[in-house]
Amino acid sequence: MSPSWSPDGNRIAFLSNRAEGWDLYVMDAAGGDIERLTSGATADDPAWSPDGRRIAIERNHRIEVVSLNGDERTIVAANASHAAWSPDLRLAFIRDRDLYIRELDGSESLILRDAEQPHWSPDGTTIAFSRRGICALDLQSGVVTQRTHNPADKSPAIAADGDIIFVRNIALTIIHPDDAISELRHLPTPAGAPAPHPTNLDCIAFHLHDGGNWDIAVASLERGNLERLTRATWTSWNARL
């Protein structure tokens, strides 16, 4: 579950319970060459850093940053979830349903009340989040724009062209900069955790529920061409859309 691209698009971090619990793994973007980075306490919401050196996860209600070889872990925020990196390596996260930003010097600032599931735009100017729909915070002006008004809309992710890809009623959907909405009906459902490719605007990774388990898949936004990168064969799982 929960794919996150490396900045060069060559690898994908994801979660799997193929061992004793939900742990952090990394694989090649084509699938295969899988490496396990954590074990023990359940991991959640992986986010690959823009410098390609670290992955942030939630474990035990706090944000940890894990090195790519898995031998270094740093706790950077307590009572926190849903980490999201800015291009300059600041971390947005959620604490008690409020949006915070952790600066490079380790200081924290409350940015916005009542927010969930933040995702930083690739240019660092905007944070998309869910709040009774999909919202966008302009970081320079502080203005919040309600982009959709459907409480079922979750998990926003901003692509390089400004499109926001999100989940509406277990299906992937796009709201464009002009507020037009595209329903990606050619992609299978139930789907979750959309992750736009860092350089290829037509490519998206997400997790897909199929046959009782979740798998990581990639697809073309325009044509479909779905490819499953994992093939779950275990039966113990916890759905966390």
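Hi everyone. A residue counts as exposed when its relative accessible area is over 50%, as buried when that area is under 20%, and as partly exposed in between. Keep that in mind, because at 58% relative accessible area Asp96 is exposed. One caution before we go on: what you see above is a predicted model.

Let's stay with Asp96 for a moment. This residue sits in the loop between β10 and β11. Its phi is positive, about 55°, although Asp96 is not a glycine. In general, most residues other than glycine have a negative phi. His82 also has a positive phi, near 55°, and is likewise a residue other than glycine. You'll find His82 in strand β9, residues 81-85, and at 21% relative accessibility it counts as partly exposed.

While we are on the backbone, where is there a cis peptide bond? Look between Thr189 and Pro190, where omega is about -5°. Pro190 belongs to the loop between β20 (181-183) and β21 (191-196). For context, most peptide bonds are trans.

Now to the charged side chains. How many salt bridges does a search of the whole structure find? The count is 16. I'd like to walk you through a few.

Start with Glu35 and Arg11, whose side chains meet in a salt bridge at 3.8 Å, N to O. Glu35 is in strand β4 (residues 35-36) and Arg11 is in strand β2 (residues 11-16), so this pair ties together parts that are 24 residues apart in sequence. Both ends are partly exposed: Glu35 has 32% relative accessibility, and Arg11 has 23%.

Next, please find Arg97 and Glu116. They form a salt bridge in which the closest N and O atoms are 3.0 Å apart. Arg97 is in the loop between β10 (91-95) and β11 (98-102), while Glu116 is in strand β13 (residues 116-120), so the link joins distant parts of the chain, 19 residues apart. Is each partner buried or exposed, or something in between? Arg97 is partly exposed, with a relative accessible area of 48%, whereas Glu116 counts as buried at 17%.

Arg131 counts as buried at 17% relative accessibility, while Asp114, at 24%, counts as partly exposed. Which residues do salt bridges with shared partners join into one network? They are Arg97, Asp114, Glu116, Arg131 and Arg132.

Finally, back to the strands that hold Arg11 and Glu35. There is an open sheet of four strands in the order β1-β2-β3-β4, with antiparallel pairing.

How values were computed
Residues are numbered from 1 along each chain as its sequence is written. This is a predicted model: local features need pLDDT of at least 70, side-chain atom pairs count only at pLDDT 80 or more; totals for chains, interfaces and linings use all residues. Side-chain values use heavy atoms; hydrogens and water are left out. A salt bridge is a side-chain nitrogen of Lys or Arg within 4 Å of a carboxyl oxygen of Asp or Glu. Helices (H or I, at least four residues) and strands (E, at least two) are DSSP runs, numbered from the N terminus. Buried means under 20% relative accessible area, exposed over 50%, partly exposed in between (1.4 Å probe, protein chains only). Two strands pair if DSSP finds at least two bridges between them.
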